[in-house]
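Please open the model in your viewer and keep the selection tool handy. We will go from stop to stop, and each one tells you what to pick and what is there.

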Amino acid sequence: MTALSAPPAAPSAAAESTTKRRPVSRLGLIGYAIVVIEVVVFAVASPGFLDPANLATILTQSAVYAIAAFGLSIVVVTGGEDVVRGGIDLSIGAVLGFSGALVAVLLQAELGLPLALLIGLGATAVIGLVNGLVVVAEIRPLLVTLAMMSIVTSLTIVITNNVKVPVSDAGLVWLRSGHVVGVPAAVVVLLVVFAVAAFATGRTSWGVKNAAVGQNPTAARVAGIDVNRHIVVSYVLAAVLAGIAGVLMTSRLSAALPGIGEQSLIDILLATFLSIAFSRRLVVTITGTLFSAVFVAILTNGFSQLGVPSQWIGITKGVLILLVLAVAAIRERSVKR
């Protein structure tokens with residue numbers, strides 16, 4: 001009798017947690033479903049879309065934005081996903097353009113590719129270090145990196161005299177048109193960088209501490225984590241990865257183009273923040289960033305094949321960023337409740 005008249009037992013915390021996670025897990029499948037739908041739509045609308053050469057072009061194009069976006073993802077994870085107070089690096093596109101231009105200029109001065117790469121990527125590391133040091137001095141990342149974007153953009157104009165710098169180095173030619181076991185060289189670079197970034201962020205104590213810093217820096221400090229060091233390192237890595245992406249961009253275009261970095265920023269931001277659509281917990285991840293970069297490349301390639309004007313492609317990307325940020329904001333509020 002007692003048992004029958006007793007009020008129903010409250011659901012356990014584990015059961016409640018499982019109940020709350022189920023819808024989120026299903027939301028995490030939305031991104032993959034959208035990619036499949038995107039491919040089917042473009043394949044039907046454009047007969048040449050599934051041509052192997054075109055698919056290789058899409059993957060090669062996605063390599064540049066994915067590698068740069070991996071760096072931005074690390075900054076976002078370490079600094080938190082609040083785009084005003086958290087981790088953000090608006091200079092990443094400018095750094096991409098700067099590194100490609102610097103390497104091209106150094107190659108024209110006949111320094112040789114290894115030394116040009118060393119100087120070019122070293123310069124990007126210095127830029128990232130300055131970003132990180134100023135951010136940990138408690139100046140908002142949004143303002144710091146916006147100022148750095150202006151500085152680096154101007155530096156690129158200075159070293160190139162604001163004109164196209166052609167490159168014909170054999171190493172960069174191989175990056176553009178070479179293959180490894182049938183796979184384009186740029187895609188091989190992408191896969192290697194992805195494997196390293198995914199392992200470092202998902203399988204090491206460094207990656208776990210980065211996430212802890214991003215979620216709650218105060219608790220991370222109490223736990224003995226050097227919060228400032230993790231934040232600075234995240235900006236250095238972001239700048240170096242942008243530098244690698246810049247070299248790939250210069251290789252793909254056979255030249256360094258002033259202004260190409262600023263044009264790339266939207267694609268990098270989209271690839272980074274859209275990655276939450278590929279996460280069961282709706283958070284920025286390296287794997288999600290890879291799929292997002294491919295999604296963006298498919299979108300750009302498919303629209304171009306259909307003859308959609310570039311301004312409409314830009315509008316579409318802007319709308320997607322707003323939608324993703326809106327979803328992130330809603331998720332943030334639901335978590336705080």
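The tour below starts with the core and ends with a histidine.

Before you click: this is a predicted model, in which local features need pLDDT of at least 70 and side-chain atom pairs count only at pLDDT 80 or more, while totals for chains, interfaces and linings use all residues. Residues are numbered from 1 along each chain as its sequence is written, and side-chain values use heavy atoms, with hydrogens and water left out.

**Stop 1: the core.** Select Phe 70 and Ile 268. Of the 86 residues in the largest nonpolar core, these two touch the most other members. Helix 4 (residues 52-79) supplies the largest share of this core, 13 residues. Such a core is a set of buried Ala, Val, Leu, Ile, Met, Phe, Trp, Tyr and Cys residues joined through side-chain atoms within 4.5 Å; buried means under 20% relative accessible area, exposed over 50%, and partly exposed in between (1.4 Å probe, protein chains only). Helices are DSSP runs (H or I, at least four residues), numbered from the N terminus.

Now show what surrounds Ile 268. Leaving out residues up to four places away in sequence, Ile 268 touches Tyr 65, Ala 68, Ala 69, Leu 72, Ile 92, Gly 93 and Leu 96; contact means heavy atoms within 4.5 Å.

**Stop 2: helix 5.** Select residues 92-108, which make up helix 5. Of its 17 residues, 15 are buried. After helix 5 comes Glu 110, with a positive phi near 60°.

**Stop 3: two salt bridges.** The count comes to two, a salt bridge being a side-chain nitrogen of Lys or Arg within 4 Å of a carboxyl oxygen of Asp or Glu. Pick Lys 317 and Asp 267, whose closest N and O atoms are 2.7 Å apart. This pair links helix 15 (residues 310-336) with helix 13 (residues 260-273), across 50 residues. Lys 317 is buried at 7%, and Asp 267 is buried at 7%.

Then pick Asp 226 and Arg 229, with 3.8 Å between the closest N and O atoms. Asp 226 is partly exposed at 39%; Arg 229 is partly exposed at 49%.

**Stop 4: His 230.** Select His 230 in helix 12 (residues 227-253). Is His 230 buried or exposed? His 230 is buried, with a relative accessible area of 3%. Its side chain makes a polar contact of 2.7 Å with the side chain of Asn 210 (N or O atoms within 3.5 Å, one able to donate a hydrogen and the other to accept it; residues adjacent in sequence count only if both atoms are side-chain atoms).

Conventions
Helix = DSSP H or I, 4+ residues; strand = E, 2+ residues; numbered from the N terminus. Expected span 1.5 Å × (residues − 1).
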